[in-house]
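Let's walk through this model together, sheet by sheet and then into the core. Keep the viewer open as you read.

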Amino acid sequence: MKSRRNFIKKTALAGAGITMLPNMSFGINTGLFGKEQKLKVGMIGVGLRGTNHLDNVLQRDDVLVTAICDIDPRRNTIALDKIKKAGQPKPEVFGSSDLDYRNLLELKEVDAVIISTPWLWHTRMAKDAMKAGKYTGLEVSAANTMEECWDLVNTYEETGTHLMILENVNYRRDVLAVLNMVRQNVFGELVHFRCGYQHDLRFVKLNDGKSAYGKGVEFGDKGISESAWRTQHSLLRNADVYPTHGAGPIAAMCDINRGNRFTSLTANASKAIGLNDYIVKHGGEDHPNAKLKFKQGDVITSTIETANGETIIVTHDCNLPRPYSLGFRVQGSNGLWEVDGNRIYIEGESDPHRWDVADEWLKKYDHPLWKKYGEHALGAGHGGMDFFVINAFIESAKLNIAPPMDAYDAAAWSAITPLSELSIENNGEPQDFPDFTRGNWIKRKPYNWMKDTY
């Protein structure tokens, strides 16, 4: 695989004539024999999220989609149609069984894979992909249990095959602007963070079995899309099952696994009434699902301590009515930023004891990536974030180098789930965070998040 992808180390964006994302032209890599090569990508899972990634991959001229896999033939048909319309050759198709993805991994015509499947499949598919020597892109969360977290790290270390956790919020425009401010010491020495996933998902976890976001109260075998598998986690687990949208960006700001690390976690959960209340309102008291007792607390709060002395509060709030927010707060010795309220305060710059509207600050510290690609990225999904995360994955895979967010990050961020579960089960008892780097966090250098390439 390494010889087949001995690509040039830099990829230039052809600036002339670029006006919209579909026309983005990426440098073609030249192999050992001077022949033009493209990264050959296999898509494992082409549901709603996988199709979104497929759309972004197909807009690049340095990638060929050579294989797809989904156990739902309807999703494969949709993907094939998109690939045909993009002018690419028909890929090989897999999905005859739950394990047919392994046949995809045997293909020599696949250099890298993007895994976008239900959570319980993430780690086992990523392990198989790394063992097959395929540069691996893995959707969030990367792991469900502590054993799976270690599986990701151990498999990476045994195979040397890179894994990138596809955490797109790390590339959100305001998040990268604040990271720029952190790197320029605007907030002073960092002290405290808040983040999380606060998103009303009742209509996602429960639907009518016909539309992914349709009103209804079914899930499991009678549900469709995420309600077919995601809701079961709320029924059976009292944990923050989706921590990386918040924890990932904060981990980058305080250099987790690269000069700093998570050391301990405590967690507490509120009572669980939100999903039951929704079922009663939309399905009636006599609906069979109205009798279920969901285990997941409606609001789960985890507090993490780091080796460098910062504290991080991570909130999971998905079962009650509320507007969307990841609840970011970045606070240091010189001031703080809070996403809710779009406000910032910098001592010596802001009027004493009065918030500034954050817009001008975020504009002033706009990240080089967004300055360069912003107008092209906005149509790529999730406000443009999906363009940047896939770009980072593709560029790292073409060079076969460590990605911005690696196997150690995937393990550390995902470990919040089993640790929060254990802490809640034991009345908020502190849980020690494993050191997934085996001590190497002390000497590992922070990733250069401030460059304008990926």
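Strand S10 (residues 262–269) and S17 pair in the antiparallel sense, with 2 bridges between them; strands here are DSSP runs of E with at least two residues, helices are runs of H or I with at least four residues, and both are numbered from the N terminus. Two strands count as paired if DSSP finds at least two bridges between them. Within this pair, Ser-264 has Asp-432 in S17 as its bridge partner. Before going on, a word on the ground rules: this is a predicted model, where local features need pLDDT of at least 70 and side-chain atom pairs count only at pLDDT 80 or more, while totals for chains, interfaces and linings use all residues. Residues are numbered from 1 along each chain as its sequence is written, and side-chain values use heavy atoms, with hydrogens and water left out.

Now zoom out from S10 and S17. They belong to an open sheet of 9 strands with mixed pairing, in the order S16-S15-S14-S13-S9-S12-S11-S10-S17. Strand S16 (356–357) and strand S17 (431–432) are at the edges with a single partner strand each, so one side of each has no neighbour in the sheet. Helix H15 (residues 416–425) packs on this sheet and touches S10, strand S11 (299–306) and S17; contact means heavy atoms within 4.5 Å. The direction of H15 makes about 55° with that of S10, where axes are lines fitted to C-alpha atoms (for helices, over the stretch in contact) and angles run from 0 to 180 degrees between N-to-C directions.

Further along the order, strand S9 (residues 190–198) pairs with strand S13 (residues 329–332) in the antiparallel sense over 4 bridges, and Phe-193 stands opposite Val-330 in S13. S13 is also joined by 4 bridges to strand S14 (residues 335–338), again antiparallel. S13 and S14 make a hairpin with 2 residues between them, and Gln-331 has Leu-336 in S14 as its bridge partner.

Val-330 turns up again in the core. Together with Tyr-171 and Phe-187, Val-330 has the most contacts inside the largest nonpolar core, a set of 119 residues. Such a core consists of buried Ala, Val, Leu, Ile, Met, Phe, Trp, Tyr and Cys residues joined through side-chain atoms within 4.5 Å, with buried meaning under 20% relative accessible area (1.4 Å probe, protein chains only). Helix H13 (residues 385–399) gives this core its largest share, 10 residues. Leaving out residues up to four places away in sequence, Phe-187 touches Val-330, Leu-336 and Trp-337, among others.

What does H13 pack against? Helix H12 (residues 368–377) packs with H13 at an angle of about 115°, the axes lying 9 Å apart. Leu-369, Trp-370, Tyr-373 and Ala-377 of H12 meet Met-385, Phe-387 and Phe-388 of H13.

The other sheet is an open one of 6 strands with parallel pairing, ordered S5-S4-S3-S6-S7-S8. On average, neighbouring strands here are turned by 25° against each other, direction ignored. Strand S4 (residues 63–69) pairs with S5 in the parallel sense over 3 bridges, with Ile-68 opposite Val-93 in S5. Helix H1 (residues 48–58) packs on this sheet, touching strand S3 (39–44), S4 and strand S6 (112–115), and its direction makes about 160° with that of S4.

Definitions and conventions: Buried means under 20% relative accessible area, exposed over 50%, partly exposed in between (1.4 Å probe, protein chains only).
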